[in-house]
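Biologist: I would like to learn how to read this model. Can you take me through it feature by feature?

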Amino acid sequence: LTTRVGIVGGGPAGLMLSHLLARAGIESVVVEKRDKDAIHATHRAGILEAGTVRMLTEEGVDGRVLTEGHEHEGTVLRFRGHSHRIDFQELVGESVWLYPQNEVFWDLAAARERDGGDVRWSVTDTEVLDLESDTPRIRFTDADGTPVEIRCEVLVGADGSQSICRRAIPREARTDHFIEYPFAWFGILTEAPPSAPELIYANSDHGFALISQRSDTVQRMYFQCDPDEDVEAWDDERIWDELQRRVDGPDGFRLERGPIFDKTVLKFRSYVCEPLRHGNLFLVGDAGHTVPPTGAKGLNLAFCDVRVLAPALVAALRDGDDSGLAAYSATALERVWKAQNFSYWATNLMHVRRDENPFEQKRRYGEFAAVTGSVHGSAYFAESYTGWPDA
Ligand code: DHB
């Protein structure tokens with residue numbers, strides 16, 4: 001089998017890239033190890049930048065984000081029981097949309113199917129070969145057990161944080177930058193009415209909590225926990241008491257409780273692979289970089305990579321102009337490092353370290369006051385959270 005672009009990974013980044021290439025008349029094949037229903041059932045973050053929403057609606061994927069999603073013109077930063085609203089529209093004239101990432105995936109998978117895209121689900125034993133040659137290859141076993149080899153002109157690794165594509169780049173040809181954090185998130189889904197109209201990022205001396213939503217009847221919430229926390233040790237009442245403790249304040253704010261039907265611990269780290277290219281292999285999304293979830297940047301950053309890579313591939317494969325591909329890694333990394341900084345900063349601002357000394361704790365209070373008490377500090381948050389304009 002031959003194709004022009006072989007894409008490993010059928011998550012949002014790989015599918016969006018395949019979709020944009022198809023619109024420019026460039027053929028691609030996507031191979032993905034999981035099946036569609038399993039990906040759709042995997043809960044991920046739910047905040048989309050305006051640029052992400054525009055890609056879905058203006059590039060002919062689907063308008064469901066506008067009808068099923070919710071526009072949020074601001075968010076609440078709650079610190080030691082006091083709420084401060086950051087008004088995105090007033091500060092930077094932008095909004096974000098609450099629309100779960102698994103629905104973004106579903107819309108993209110449906111669009112690829114509608115447009116006759118070649119997406120292979122449930123493949124096994126995927127390997128990438130000859131990255132440095134003009135005909136890199138993907139080898140895998142199809143869902144029905146048939147061994148397949150795809151010869152392409154360009155390979156794209158969109159296969160997430162455990163990327164096999166990234167690991168196929170020789171150690172001496174890449175640098176892994178990463179840090180770990182001494183905490184994780186305990187995430188829940190509950191059948192309850194919303195506790196608030198917008199997201200609440202809450203910091204208390206007991207740790208961080210995030211009050212998010214999914215619909216009128218289902219809510220998503222998280223609280224900071226230890227990385228090795230055992231979900232089984234937490235029954236509903238203990239979870240609700242812990243979440244409530246982290247948002248308690250003199251305004252008497254109460255969370256709306258309901259039955260909890262999903263509990264997971266999310267470990268996180270900050271990671272960047274440099275460069276995002278090796279020979280004819282290009283990395284996009286989590287395959288090349290991961291951020292902690294605090295700034296809701298993961299999916300948005302993956303789409304930013306795709307916004308840089310898709311036109312570069314079109315220029316190279318349709319018009320023979322390789323300049324965009326040559327610039328891809330440096331261009332994409334510029335935004336990646338800005339988002340890494342914001343995600344790292346927001347994480348450290350809102351979480352509590354066990355070994356924090358009183359100086360560090362008070363410094364953090366000062367930092368919070370500098371953000372929420374100033375139009376300039378708030379605008380920094382608003383601009384970073386809603387997403388910087390493309391370079
Ligand atoms: C959600 C997750 C995030 O990491 C975030 O920053 C905001 C919202 C969510 O799942 O709704």
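**Ligand, domains and core**

Modeller: Start with the ligand. Domain 1 (5–71 + 99–178 + 269–347) and domain 2 (181–268 + 353–386) both give residues to the shell around the ligand, so the ligand lies between them. Domain bounds come from an automatic or database domain assignment. This is a predicted model: local features need pLDDT of at least 70, side-chain atom pairs count only at pLDDT 80 or more, and totals for chains, interfaces and linings use all residues. Residues are numbered from 1 along each chain as its sequence is written.

Biologist: Which residues surround the ligand?

Modeller: A residue is near a molecule if its C-beta atom, placed from the backbone, lies within 6 Å of it. Here the shell is Ala 45, Gly 46, Ile 47, Leu 199, Leu 210, Ser 212, Arg 220, Pro 293, Thr 294 and Ala 296. By class, 6 are nonpolar, 3 polar and 1 charged. Ala, Val, Leu, Ile, Met, Phe, Trp, Tyr, Cys and Pro count as nonpolar; Asp, Glu, Lys and Arg as charged; the others, Gly among them, as polar.

Biologist: How many residues does each domain put into the contact between them?

Modeller: First, the spacing: the centres of domain 1 and domain 2, taken over C-alpha atoms, are 29 Å apart. The contact takes 11 residues from domain 1 and 12 residues from domain 2. Two residues are in contact if their C-beta atoms, placed from the backbone, lie within 7 Å. On the domain 1 side, 5 are nonpolar, 4 polar and 2 charged.

Biologist: Which residues have the most contacts inside the largest nonpolar core?

Modeller: A nonpolar core is a set of buried Ala, Val, Leu, Ile, Met, Phe, Trp, Tyr and Cys residues joined through C-beta atoms within 7 Å. Buried means 20 or more other C-beta atoms within 10 Å of the residue's own; exposed means 12 or fewer; partly exposed is in between. The largest core has 103 residues, and those with the most contacts inside it are Leu 17, Ala 209, Val 284, Val 306, Leu 309 and Leu 313. Helix H9 (residues 298–319) gives the largest share, 13 residues. Helices (H or I, at least four residues) and strands (E, at least two) are DSSP runs, numbered from the N terminus.

Biologist: Is Arg 254 buried or exposed?

Modeller: Arg 254 is exposed, because it has 10 other C-beta atoms within 10 Å. Arg 254 sits in the loop between helix H8 (236–247) and strand S17 (260–274). Arg 254 and Ala 196 are 58 residues apart in sequence, yet 9.6 Å apart in space, C-alpha to C-alpha.
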